[in-house]
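This report looks at how charged side chains pair with one another.

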Amino acid sequence: MPRSVTRARKPREAAHDLGPRRTARGVYLAFIDGRWREAPSGGVHANVDPACPSTVYGRVPECSRDEVEEAAAAAERDFDAWRRTTGDFRTKVFFRLAEVLKQSEGYFTRVMTREMGKTLRDSRLDWLEAVGVCEALAPQGANLKGVTYQ
């Protein structure tokens, strides 16, 4: 996956390299506050095929309440930085995201089909919707004027 689009500020590198990380035991790492790490709680959850529960696609950490709260607090802090980015930057981000999604159609539709038990056709429709939303939102960055109406 490509590293990033143009940057408004120097981001944490880990935030732009979202490739899967695993422990020596094959457990995916949790991405919390810009870092990949094992969940200190140590619990593990198997991601299984809903049609065939004996088929395990991966193992993910079961984060504790404190870990989830830490991740939410970090996301809130990062959102504050995002909301200060320019409309031009946001337009580029959403167009780039749409491009990455388009380049990865097969991957995303297969993963959605396996993990959710939906048909490949339904997964493709969901993928098309995600691409469409990114492409519809992207030009909206030009409309940001710094005024919020509530």
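## Terms and basis

A residue is called buried when its relative accessible area is under 20%, exposed when the area is over 50%, and partly exposed in between, with a 1.4 Å probe and protein chains only. By that scale Asp80, with a relative accessible area of 28%, is partly exposed.

The model is predicted, and therefore local features need a pLDDT of at least 70 and side-chain atom pairs count only at pLDDT 80 or more, whereas totals for chains, interfaces and linings use all residues. Residues are numbered from 1 along each chain as its sequence is written, and side-chain values use heavy atoms, with hydrogens and water left out.

## Salt bridges between separate parts of the chain

Side chains of opposite charge can pair when their charged atoms come close. Counting as a salt bridge any side-chain nitrogen of Lys or Arg within 4 Å of a carboxyl oxygen of Asp or Glu, a search of the whole structure finds 11.

One of them joins Arg25 to Glu38, at 4.0 Å from N to O. This pair links distant parts of the chain, 13 residues apart, with Arg25 in the segment before strand E1 (30–32) and Glu38 in the loop between strand E2 (35–37) and strand E3 (43–49); helices (H or I, at least four residues) and strands (E, at least two) are DSSP runs numbered from the N terminus. Arg25 counts as exposed, at 58% relative accessibility.

Another salt bridge brings together Asp33 and Arg77, at 2.8 Å from N to O. Because Asp33 lies in the loop between E1 and E2 and Arg77 in helix H1 (residues 65–83), the pair ties together parts that are 44 residues apart in sequence. Asp33 is partly exposed at 23%, and Arg77 is partly exposed at 48%.

Arg83 and Asp80 form a salt bridge of 2.8 Å, N to O, and both lie in helix H1, 3 residues apart, which is about one turn of the helix. Arg83 is partly exposed, at 48% relative accessibility. A network of salt bridges links Asp80, Arg83 and Arg84.

## A buried charge without a partner

Glu67 also belongs to helix H1. Glu67 is buried yet has no salt bridge, and the nearest side chain of opposite charge, that of Arg37, is 6.1 Å away; here Lys and Arg count as positive and Asp and Glu as negative, while His and the chain ends are not counted.

Leaving aside residues up to four places away in sequence, Glu67 touches Ile32, Ala39, Pro40, Ser41 and Glu62, where contact means heavy atoms within 4.5 Å.
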